[in-house]
Amino acid sequence: MRLLRTILLTTLPVLPTLAMAEPLAIKEPFVSSAPGEEKIDFAGGSFVNHGLVGVGRLSADLKDEKGDTLGSFSSMAIDPKSWSKTATGYKGQLRSLPDRGYNNPDKGLFFDYQGRVLAFDFAFTPYSGPALPTAVTSQSQIELKPLDGKGVFLTGLDGKPTTGADPADNTVEMNGYTLPVPPAGALGAGSLSFDAESIAYRSDGSFYVGDEYAAAVYLFGPDGKLKGLIPPGPALVPTKKGKINFTSMEAPDTGRRNNQGLEAISLTPDGKTLYAVLQSGALQDSSAGKNQANRATTRIYVYDVASDPLPKTPKAVYSIELPVYSKKGDGKIDSTAAQSEMVALDDHRFLLLARDGAGHGCDCKNPEMFKAILVVDTSGATNLAGTDYETGTKPIAPAKDDRNVLDPAITPARSQVLVNLLNATQLGKFGLNIDNAKSNDLTLSEKWEAMTLVPALDPAAPNDAFLFVGNDNDFLTRKGVMKGQSYDAGLTNDTLVLAYRLTLPEDLAKALAGK
């Protein structure tokens, strides 16, 4: 049995070089006070995190162009054609992807919410001055202006609006695909059940969306109509008692965990390779007892989309070990920092956001334990494509005693922490805190689920880029409206966007800039 590597409180100005293949085990809050300039040498290059340089905030009470509460960022993307430098900073257009609408699964509450991509004018003025007052007004370096009339509303293969409603165990066959669709008489009956979690744009304006229900990658045209999908392979298809069951209300026997689908997708800068990452371990890889640290071994899917935008099978599948942590900070490793988003850098490296389940918006007082962005390298990892692990449900991490342990025949992808979101010094500079025991509007929120990376356009630092990280506020507001119906979520959880300045290896910076 492998030993878990324990990382305690870190305050180092330069991050240790850990080629992490085994799970990173967090027994105490993974908090930093480094002011910036944190460097790692990893995966054939040097990466530098210069720190947090701006924050933006959108009120949770805002409505979108349909009159629904504006859900925030399960994923986001800045249009590279719109990105430019101004006299005071930068501007562009940002597109955001909300998830399935306000819902409360514990009460069986869902809405017939149509999937959508929303548009914003985006202005950014980097800030490197002294600490700002502890107030909401301190988060104003990023300005987001909703663009009514620019939203794209998603429809299925049959032209019907998608729905956020749970499909239960009902499926339909359409154009050769098995799709989750609520049954007759149910909320959203006859429409594609869709829980959007990640987005990636092609150069022609079409876009991929990673989905939670089916663990599929959907391809939509620029008008939002579904063109086709990359269906999940046998290892990911959720089955219950031998039958496909796409519900989010109960765990399947094998396949993706409920509410743990393809949380992250991304295209490489050249548009030729599509990545997709399962949020945490599949059921067959996380079956040992009820310890949630057992779902740390998850899968990375790599598709060649250069000539065919909808390949039937991946060209590669890799395993990766996600960080694990102590939920209450008491030293007991009992949870997995599931991944929530990624940004592809090239054909073997990408950024991956992994996080805990505490923070503003969480119905808990647990400490914020781990929220960080990793650099991942698949070089040297075992390719599982076409093997029994993927063509069936053979576990890559079989149960062993009370743990799931990666098959020793498999070499996982390596990873290294680059950006620690739980940096009290840098957050405090913009009036934010990480004290979830006394959670308020200035406490770092729970669900960081969106990232987008753009060049800094700085001739003096040609390898620099800005990484924007956004939260998913889960439509939480005391003044909610969904499909004309008012709701009170019991708290207000604003949308925040954090901006980090990075220096990338020269080859990755050139690829990002299209050179």
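**Basis.** I worked from a predicted model, in which local features need pLDDT of at least 70 and side-chain atom pairs count only at pLDDT 80 or more, while totals for chains, interfaces and linings use all residues. Residues are numbered from 1 along each chain as its sequence is written, and side-chain values use heavy atoms, with hydrogens and water left out.

I looked up the second largest pocket and found about 1,000 Å³ of space in it. A pocket here is an open set of points on a 1 Å grid over the protein atoms alone, where a 1.4 Å probe fits, with protein on both sides within 12 Å along at least five of seven lines; lining residues have an atom within 4 Å of a point. The volume is the space filled by probe spheres set on the points, which are joined across faces, edges and corners.

I noted 40 lining residues, with Ile78, Pro80, Tyr201, Thr268 and Pro269 nearest the centre. Elements giving two or more residues to this lining include β5 (75–78), β19 (264–267) and α3 (506–512). Strand β31 provides the largest share, 5 residues. Helices (H or I, at least four residues) and strands (E, at least two) are DSSP runs, numbered from the N terminus.

**Sheet.** I traced an open antiparallel sheet of 4 strands in the order β13-β14-β15-β16; two strands pair if DSSP finds at least two bridges between them. I recorded β13 and β16 (226–230) as the edge strands, each pairing on one side only. Strands β14 (residues 207–211) and β15 (residues 217–220) pair over 4 bridges, and Tyr208 has Leu219 in β15 as its bridge partner.
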